[in-house]
Amino acid sequence: MKMLIGSAWVDASSERTMDVVNPATWERIDSVPLGGPEDGGAAVEAAGEALAGWAGQTPLDRGKVLYRTADLVRREADTLATTLVAEQGKPLREAKDEVRGFAHILEYYAGLASSLQGETLNTAAYGRIIVEKRPLGVCVGIVPWNMPVLIAGWKIGPALLAGNTVVLKPASTTPLTTLAIGDLFSRAGLPAGALNIVTGPGETLGEALVTHPDVRKVSFTGEIGTGRRVAEAAAQTMKYVTLELGGSDPMIVCDDADLEAAVAGAVAGRFYNCGQTCTAVKRLFVFSGVAEKFRALLTSKAEEIRVGNGMEPGVRMGPLNNAAGQERMRQVVEGIEGEGRVLTGGKVPSGKGFFFEPTVVTGLAPDALPLRDEVFGPVLPVFEVESLDEALHAANSTKYGLGASIWTKSLERAERGCRDLEAGIVWVNQHLKIPPEAPFGGTKWSGIGRENGRGALDRYTEERSILIRT
């Protein structure tokens with residue numbers, strides 16, 4: 001498969017390629033260009049050439065292109081989802097939800113087209129003040145492999161509607177579905193160069209895009225270390241940045257919670273996408289009065305999860321996306337076994353694929369690794385707490401602040417959780433789901449800025465003031 005630069009589907013200038021492998025079977029699916037700095041520069045140039053024409057269209061006309069693309073995505077959802085399963089590993093049902101979620105994002109932003117406007121103020125001292133909202137210019141989106149389609153939508157939708165042109169770099173392990181969607185944008189009438197999709201390593205291609213002087217904004221989703229380097233590089237040419245850098249989301253279960261609902265929420269919140277979700281439940285704090293019953297229910301439900309190839313009927317959890325992720329989970333469990341207790345799971349199943357069993361652990365020390373760092377896989381630690389004060393203190397004792405949830409029937413407790421949890425997103429009696437209407441992003445080391453919502457559209461514009469005296 002080739003990458004999209006301007007109006008052409010092209011190979012890398014080096015003519016080198018990289019293989020895309022199915023994480024469930026270790027089989028090669030396809031290959032894509034191993035793009036480098038020259039290819040990134042060509043994509044930015046193509047985006048720059050397309051900018052005036054695309055920005056010159058009305059927001060309503062740009063919105064129509066998004067609507068048409070969303071319609072094509074929905075029509076091709078089954079094919080796109082099958083490709084996503086093959087390259088990412090998630091079960092088919094989750095893949096279909098993600099593809100449809102991408103279409104929903106485009107529809108949401110298309111629906112905001114008529115609201116993309118500035119304002120006019122009449123003043124006695126200064127005359128008429130016109131405040132325009134103008135597109136930033138060429139924007140770069142760097143997308144991770146865990147939710148490659150949905151997160152691409154968070155970046156493409158508002159950027160294009162605002163009149164910017166985009167260079168998108170998908171993760172090296174999951175580029176195929178994104179490239180297929182690029183073709184649907186072209187079929188929907190998006191002008192050549194308005195969306196460019198380039199494939200290659202972050203160390204070379206990504207670096208070239210982030211440092212390119214003609215790029216005005218970088219939206220990056222990934223881990224903290226890379227995010228810091230992106231911010232430092234972008235600052236050299238005063239680029240706007242949006243950074244979503246992961247989380248270690250706490251879930252607090254009070255002693256008055258609906259335990260069956262909370263267990264179901266914990267299972268879905270931790271083991272969805274094999275635990276490879278930024279806002280997954282990564283630390284679970286349960287009041288001691290209900291902890292024993294909760295652990296028993298949670299362990300039983302985790303053991304019911306069928307693990308396997310995402311295309312097989314009945315599979316609820318696919319493999320980790322790559323070998324490094326599988327090895328990381330092995331190391332995490334080895335560390336836990338020295339200080340806590342594995343209630344279920346903790347092993348690599350025999351055979352091919354980057355699989356790992358759904359794992360529930362308990363008895364960890366307050367400074368255990370799952371409390372210090374983000375564990376990006378299907379390992380869920382359960383901690384007992386004696387009070388809401390203790391739970392909130394433990395939940396906030398991390399450098400992360402992306403999401404958090406509290407489960408209770410008490411309005412007072414729910415309000416306190418919403419007030420005191422240090423997170424960009426707080427759920428009450430639910431976890432994980434984020435509609436496009438809700439701003440998405442974190443506090444502390446979880447990132448800068450927001451995606452989704454009306455505000456994301458504003459972050460792809462720049463205000464300009466015009467003062468007129470007649």
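Me: Which residues does Gln430 touch, not counting those up to four places away in sequence?

Reply: Gln430 touches Ser405 and Trp407. Contact here means heavy atoms within 4.5 Å. Please note that this is a predicted model, in which local features need pLDDT of at least 70 and side-chain atom pairs count only at pLDDT 80 or more, while totals for chains, interfaces and linings use all residues. Residues are numbered from 1 along each chain as its sequence is written, and side-chain values use heavy atoms, with hydrogens and water left out.

Me: And where does Gln430 lie?

Reply: Gln430 is in the loop between E18 and strand E19 (447–448). Helices (H or I, at least four residues) and strands (E, at least two) are DSSP runs, numbered from the N terminus. With 44% relative accessibility, Gln430 counts as partly exposed. The cut-offs are under 20% relative accessible area for buried and over 50% for exposed, with partly exposed in between (1.4 Å probe, protein chains only).

Me: How many residues separate Gln430 from Ala266 in sequence?

Reply: Gln430 and Ala266 are 164 residues apart in sequence, and 8.9 Å apart in space from C-alpha to C-alpha.

Me: What about Leu432, buried or exposed?

Reply: Leu432 counts as buried, at 14% relative accessibility. Leu432 is also in the loop between E18 and E19, and it has a positive phi of about 95° although it is not a glycine. Asn452 likewise has a positive phi, near 75°, and is not a glycine. Asn452 lies in the loop between E19 and helix H15 (453–458) and is buried, with a relative accessible area of 0%.

Me: Changing topic: which sheet contains E18, and in what order do its strands come?

Reply: E18 belongs to an open sheet of seven strands, in the order E14-E15-E16-E13-E12-E17-E18, with mixed pairing. Two strands pair if DSSP finds at least two bridges between them. Strand E14 (341–344) and strand E18 (425–428) are at the edges with a single partner strand each, so one side of each has no neighbour in the sheet. Neighbouring strands of this sheet are turned by 25° against each other on average, direction ignored.

Me: How do E12 and E13 run?

Reply: Strand E12 (residues 249–253) and strand E13 (residues 281–287) run parallel, joined by five bridges. Val253 has Val286 in E13 as its bridge partner. Helix H10 (residues 288–303) packs on the sheet, touching E12, E13, E14, strand E15 (359–362) and strand E16 (379–385), and its direction makes about 140° with that of E13. Axes are lines fitted to C-alpha atoms, for helices over the stretch in contact, and angles run from 0 to 180 degrees between N-to-C directions.

Me: What is the strand order in the sheet of three strands?

Reply: That open sheet has the order E5-E6-E20, with antiparallel pairing. Its edge strands are E5 (119–123) and E20 (461–468), each pairing on one side only. Strand E6 (residues 127–135) and E20 pair over eight bridges, and Ile130 stands opposite Ile466 in E20.

Me: Now the helices. At what angle do H2 and H6 pack?

Reply: Helix H2 (residues 59–75) and helix H6 (residues 176–187) pack at about 130°, with their axes 8 Å apart. H2 is therefore oblique to H6: angles under 35 degrees count as roughly parallel, over 145 as roughly antiparallel, 65 to 115 as roughly perpendicular and the rest as oblique. Leu66, Thr69, Leu72 and Val73 of H2 meet Leu184, Phe185 and Arg187 of H6.

Me: And how far apart are the axes of H4 and H5?

Reply: The axes of helix H4 (residues 92–111) and helix H5 (residues 148–161) are 8 Å apart, and the angle is about 15°. H4 and H5 are therefore roughly parallel to each other.

Me: Last one: which residues touch the most other members of the largest nonpolar core?

Reply: Leu66, Tyr109, Leu160, Leu168, Phe185, Leu190 and Leu195 do, in a core of 62 residues. A nonpolar core is a set of buried Ala, Val, Leu, Ile, Met, Phe, Trp, Tyr and Cys residues joined through side-chain atoms within 4.5 Å.
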